[in-house]
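Have a look at the structure first, then follow each solution step by step.

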Amino acid sequence: MTLVFVFFITLGQVIISMGMKFRSLELMIFGRFVFGIGGESFNICINTLIVNWFQGSELSFAQSINLSMIRVASILNTFLTPRIAEYRSMNTCFTFGVFVCLFSMFSSILLVYFDYKLSNQGMVDQMMASQPQQQVSNWEYIKNIFKKIKKNTSKFTQIFWVLTCLMVSLYITVISFNTFSSVILTDLWLPKENSIQRNQEIAGEMMSVPYIMACLLFPVFGLICDKYGQRVRLLIFSSFLTLVSFILLPFVYPITSLAILGFSYAIFGAVIWPTISYVVPSKRLGIGYGLMSSIQNLGTGLMPLIIAFIKVQGNSMTVVITFLVISLVSIYLSFVLQRIDSQQKISLNDSDQNLIMLNLEENNKSSYRSSASTSQKENEFQKSSTNDEEDGLISSNNHAEILRETQEGIENQNVEFQDDEKQTLYI
Ligand SMILES: C[C@H](N)C(=O)N[C@@H](CCCCN)C(=O)O
């Protein structure tokens with residue numbers, strides 16, 4: 001699927017640049033639509049892939065390197081695009097984008113090749129090929145996908161939903177704020193006697209501060225998180241930082257508040273993406289990331305409309321107050337997260353990633369056991385697992401998981417137990 005999505009991204013960019021060439025706004029919007037289908041889905045594939053390779057060891061570090069690279073690309077884009085447009089033309093900017101996408105496509109082919117070669121997937125495919133597969137129609141296949149999404153979604157825990165809401169509110173304060181920061185900074189801070197273009201240049205430079213800050217700090221917080229855990233505490237701290245940033249914005253020269261916002265982003269970005277894999281069982285991770293990204297995009301997509309309305313009704317100060325209120329929501333949600341987390345056997349603050357994973361799989365198994373206790377549910381499960389095999393949707397994942405579980409089982413026998421609680425889990 002990774003290759004399909006990167007193909008959509010490239011195709012989208014080609015359509016956008018054709019729209020630019022032929023001066024067709026409709027074509028450009030359609031291109032953005034195609035690009036968006038590929039982009040966000042590609043993100044989900046990459047998240048899942050990183051988890052598959054790094055869970056249990058340097059997961060946060062790996063995710064934060066990924067985030068840093070994304071932000072380096074944003075900064076490069078802010079720097080390069082106006083210059084290419086100035087020295088060449090707008091068309092060249094868009095064509096340059098197509099070449100960047102082609103480069104991504106080439107990198108993805110390498111990625112998929114190495115992932116396939118180095119993982120158990122080759123073995124799993126052989127196993128699958130030796131099993132008879134029942135053919136289903138495309139319609140049945142799509143219907144099964146929706147059935148599975150519904151079935152899996154209902155199994156997500158409270159902690160997943162709180163984490164998702166927290167992610168939305170935190171991302172709004174960075175991504176949606178970034179959309180409006182140019183106007184806010186110009187209104188609140190930049191001299192009225194400057195030309196509009198000059199103020200836009202200054203605001204543009206200021207706007208890159210949170211991203212520069214974050215791209216430098218992501219790996220640091222990734223490492224901290226891998227070594228010391230403290231995920232929920234870091235999220236609480238990061239939520240407070242966003243509040244401080246918006247309180248300071250109208251009163252202190254904006255570089256300070258933007259740097260604090262970048263600091264906050266570096267923390268929650270490095271913590272939140274890997275944490276999802278500790279609250280969603282590996283079998284449902286793709287759907288988990290997908291759902292979370294959809295909700296996040298819905299939030300960050302709707303927010304500019306709401307903010308634009310608030311700006312028209314009020315002024316830039318009202319917009320800052322709105323972001324301040326959203327920061328308060330983040331603080332509230334982070335405390336709700338802490339409360340739920342404190343009721344778990346193993347906290348997300350624990351530094352032992354394997355232990356958190358084992359706890360998750362253990363909880364998952366026990367919820368399965370209790371749900372299978374009634375014969376009706378037992379039948380449902382048998383039916384659905386037969387369906388899973390029949391429609392060939394998740395079976396390869398399951399096989400990969402069985403292989404991984406077996407490996408883990410062997411590894412876990414060598415783990416030194418630290419206390420009774422942990423001992424019970426490992427056993
Ligand atoms: C906006 C987009 N949906 C998003 O969330 N982007 C993240 C990067 C996610 C990468 C996770 N491996 C961002 O921080 O920009």
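**Exercise 1: a salt bridge across the chain**

Asp 187 is partly exposed, with a relative accessible area of 36%; that label sits between buried (under 20%) and exposed (over 50%), using a 1.4 Å probe and protein chains only. Before going on, note that this is a predicted model, where local features need pLDDT of at least 70, side-chain atom pairs count only at pLDDT 80 or more, and totals for chains, interfaces and linings use all residues. Residues are numbered from 1 along each chain as its sequence is written, and side-chain values use heavy atoms, leaving out hydrogens and water.

Task: find which residue meets Asp 187 in a salt bridge.

Step 1. Look for a side-chain nitrogen of Lys or Arg within 4 Å of a carboxyl oxygen of Asp or Glu.
Step 2. Now place the pair: Asp 187 is in helix H7 (residues 158-189) and Lys 311 in helix H11 (residues 285-313), so they link distant parts of the chain, 124 residues apart. Helices here are DSSP runs (H or I, at least four residues), numbered from the N terminus.
Step 3. Lys 311 is partly exposed too, at 24% relative accessibility.

Key
Helices (H or I, at least four residues) and strands (E, at least two) are DSSP runs, numbered from the N terminus.
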